[in-house]
Amino acid sequence: MENFRFFVPTDIRFGRDRLSELPEALAKFGKRVLVVYGGGSIKRSGLYERVMNQLSDFEVTELAGVEPNPRIDSVREGVKLARDNKIDVILAVGGGSVVDASKVIAASVPYDGDAWDLVKNPSLIDMALPLVDILTLSATGTEMNRNAVISNMETNEKLGTTGMNLIPQVSFLDPAETQTVSKWQTAAGSSDILSHLFEQYFARTANVDLQDFLAEALMKVVIKHGPIAFNEPDNYESRAELMWASSLALNGLENAGKPVGWTVHPIEHELSAFYDITHGVGLAILTPRWMEYALDEKTAPKFAQYGRNVWGLQGDDDMAVAKDAIRKTIAWYQSMDIPMTLPEVGIDESKLDVMAAAAVEHGGLTQGVYAPMQPADVEAVLRASMTAPVVD
């Protein structure tokens, strides 16, 4: 295990009916609030009205319409609103996209330059406005970490950025607020959580049993409760399990002392940058193909460990167990009606080579990752994703 710094100052307010605490959570930062949200879902669910009732003593400015893959245009609009109205604190109400956009808005307000600079070069991130969020979707873990992902549709780029001052000050996590999420988003969110765990679990660092066993436990939670929430949307307990698993999967705990290089996320970011698809669905399509690519005699023991400890598979042949684990993973995605090919989400072969090259460039996939990839390797994974998965 290597040296690490673990710093997560977020005040988590988990559970039912915590909105009465919102004024107290915001007041310490000031009275001028920028409320950021996405489409009409929070209005249809009644959450918008309940939030606004709690903000009666605050000066409220609103930024609506943040996209599912949040765009730099929305960030720029939020920065202008925040500056024009001398905002003290940002309140993000929604899923990970809303929180991510709010993070970059928060960092861009005091920055003397364009917000896209902070996405392209995270080292430029310094001070940021305080951020409070009310989460409505279990997926990204952004409510408890320093990361954000923003899209620039003009340049076909979807990039991640990071900074210690992007970590939310307070996060309200009420599983009941996720009960109105569609089956599609429930499945995609569960896939996203699982992918976060895979990206950190499959790493070369030795002697990290604690991190690996924590990741395996969280995988088992998602594998169990994702389909329950999918089939029983009002199941509060399963929604609660997914919500807390999402936060713990990407708050820095799993990769503490364990340097990791992410692979599937950078590849999927190119799919979303060019085709604006649902992130978690893209991850589900790519993950089994990446697993097949990464599986060889050297990596088979780790994949077999995943199969035995997460899926309960038996057998002494690591390669056989590893392949069965990949099959189990595919079947889990299919149990929640997630598409398993790129054409099902509107992606053809015309840009596969371009996306493959961009993934390697933006993701640094040639070194520091579990299974290094060149553009031809990424393109092969994408081409394999054009047809139904078959594990040899």
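**Salt bridges and surface patches**

Author: Let's start with E157: in this predicted model, E157 is buried, with a relative accessible area of 9%.
Reader: OK, and what does E157 form a salt bridge with?
Author: With K120, and the closest N and O atoms are 3.0 Å apart. E157 lies in strand β7 and K120 in helix α6, so the pair ties together parts that are 37 residues apart in sequence.
Reader: Is K120 buried or partly exposed?
Author: K120 is partly exposed, at 49% relative accessible area.
Reader: What about K158, which residue does it pair with?
Author: K158 forms a salt bridge with E268, with 3.9 Å between the closest N and O atoms. That pair links strand β7 to helix α10, 110 residues apart. Both K158 and E268 are buried.
Reader: How many salt bridges are there in the whole structure?
Author: A search finds 18. One of them joins R71 and D276, at 3.0 Å between the closest N and O atoms. R71 and D276 sit in loops, 205 residues apart.
Reader: Switching topic: which residues form the negative surface patch?
Author: D296, E297, D316 and D317. D316 is in the loop between α12 and α13, and D316 is exposed, with a relative accessible area of 80%.
Reader: And which residues form the nonpolar patch?
Author: M1, F4, F6, L210, L214 and L253, with about 570 Å² of accessible area together. L253 lies in the loop between α9 and α10 and is partly exposed, at 31%.

Definitions and conventions:
Residues are numbered from 1 along each chain as its sequence is written. This is a predicted model: local features need pLDDT of at least 70, side-chain atom pairs count only at pLDDT 80 or more; totals for chains, interfaces and linings use all residues. Side-chain values use heavy atoms; hydrogens and water are left out. Patches are made of residues with over 30% relative accessible area and no salt bridge: like charges are joined within 9 Å, nonpolar side chains (Val, Leu, Ile, Met, Phe, Trp, Tyr) within 5 Å. Accessible areas come from the Shrake-Rupley method with a 1.4 Å probe; for residues, only the protein chains shown count as cover. A salt bridge is a side-chain nitrogen of Lys or Arg within 4 Å of a carboxyl oxygen of Asp or Glu. Lys and Arg count as positive and Asp and Glu as negative; His and the chain ends are not counted. The place of a charge is taken as NZ of Lys, CZ of Arg, CG of Asp or CD of Glu. Helices (H or I, at least four residues) and strands (E, at least two) are DSSP runs, numbered from the N terminus. Buried means under 20% relative accessible area, exposed over 50%, partly exposed in between (1.4 Å probe, protein chains only).
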